[in-house]
Amino acid sequence: MQDLAAGGTLYGPLNYDLLFAGDTPKPVTGHAIAATDLTKYQVAVMLANGQISSDFTGVSDGAKCVIVAQPALAGQNVPFFEGGCFNDAALTWPAGTAFDTLAERVRFFKGTGIKIDTIHNA
């Protein structure tokens with residue numbers, strides 16, 4: 001990455017988060033209250049009460065899952081993505097989940113608005 005020069009000052013190097021992978025429509029977003037502490041780009045569960053949790057107990061598919069857009073502590077309002085194509089390497093999966101491979105993660109979100117892929121270099 002190259003440095004950015006603005007107003008005579010150098011900023012950088014610029015390190016972009018490579019969150020998105022592939023060509024998809026604009027990601028679908030929303031916001032909710034965090035039920036647990038959450039990290040940036042974490043795969044999380046949307047609870048029945050509308051809050052977001054990092055607890056995956058009893059979760060077998062991605063139908064109720066979202067991608068957290070920024071870190072938040074329990075009780076804070078947090079933006080999230082509920083649709084889009086995401087770079088697998090950028091996401092944080094909760095500890096204890098059995099989604100260790102790209103194929104398992106793709107299968108987990110099958111039938112939802114969330115797609116998982118990798119960044120392909122030309």
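Trainee: Hi! How should I read this model?
Mentor: It is predicted, so local features need pLDDT of at least 70, side-chain atom pairs count only at pLDDT 80 or more, and totals for chains, interfaces and linings use all residues. Residues are numbered from 1 along each chain as its sequence is written, and side-chain values use heavy atoms, with hydrogens and water left out.

Trainee: What is pLDDT, and what is its mean here?
Mentor: pLDDT is the predictor's confidence in each residue, from 0 to 100. The mean for the protein is 82, and 80% of its residues reach 70 or more.

Trainee: Which elements have the lowest and the highest mean pLDDT?
Mentor: Strand 1, residues 4–6, has the lowest at 50, and strand 5, residues 52–53, has the highest at 94. Strands here are DSSP runs (E, at least two residues), and helices are runs of H or I with at least four; both are numbered from the N terminus.

Trainee: Okay, pairing next. Which way do strand 4 and strand 6 run?
Mentor: They run antiparallel, joined by three bridges. Ala-44 has Val-66 in strand 6 as its bridge partner. Two strands count as paired if DSSP finds at least two bridges between them.

Trainee: And what about strand 4 with strand 5?
Mentor: Those two pair in the antiparallel sense as well, over two bridges. Met-46 has Ile-52 in strand 5 as its bridge partner. The two strands form a hairpin with five residues between them, and Gly-50 in the turn has a positive phi of about 90°.

Trainee: How many bridges join strand 7 to strand 8?
Mentor: Four, and these strands run parallel. Gly-84 stands opposite Ile-114 of strand 8.

Trainee: Which residues of strand 8 are on its covered face?
Mentor: Ile-114 and Ile-116 are, while Lys-115 and Asp-117 make up the uncovered face.

Trainee: Let's switch to rings. How many aromatic pairs does a search of the whole structure find?
Mentor: Five. Phe-81 and Phe-86 form a tilted pair, because their ring centres are 5.5 Å apart and their planes stand at 55°. Phe-108 and Phe-109 are edge-to-face, since their centres are 4.9 Å apart and their planes at 85°. Rings of Phe, Tyr and Trp (its six-membered ring) pair if their centres lie within 6.5 Å; planes under 30 degrees apart are stacked, over 60 edge-to-face, and the rest tilted.

Trainee: Which residues do ring pairs link into a cluster?
Mentor: Phe-56, Trp-93, Phe-108 and Phe-109.

Trainee: What does Phe-109 touch, leaving aside neighbours within four places in sequence?
Mentor: Phe-109 is in contact with Val-43, Gly-62, Cys-65, Trp-93, Ile-114 and Ile-116. Contact means heavy atoms within 4.5 Å.

Trainee: How many residues are in the largest nonpolar core?
Mentor: It has 17, and the ones with the most contacts inside it are Val-43, Phe-86, Leu-91 and Phe-109. Strand 4, strand 6, strand 7 and strand 8 are the elements that give two or more residues to this core. Apart from it lies another core of 10 residues, including Leu-38, Ala-44, Val-66 and Val-68. A nonpolar core is a set of buried Ala, Val, Leu, Ile, Met, Phe, Trp, Tyr and Cys residues joined through side-chain atoms within 4.5 Å.

Trainee: One more: where is Pro-71?
Mentor: Pro-71 sits in the loop between strand 6 and strand 7. Its relative accessibility is 51%, so Pro-71 counts as exposed. Pro-71 touches Leu-38, Thr-39 and Lys-40, not counting residues up to four places away in sequence. Pro-71 and Lys-40 are 31 residues apart along the chain, yet their C-alpha atoms are separated by 4.5 Å.

Notes. Buried < 20%, exposed > 50% of the residue type's maximum accessible area, 1.4 Å probe, protein only.
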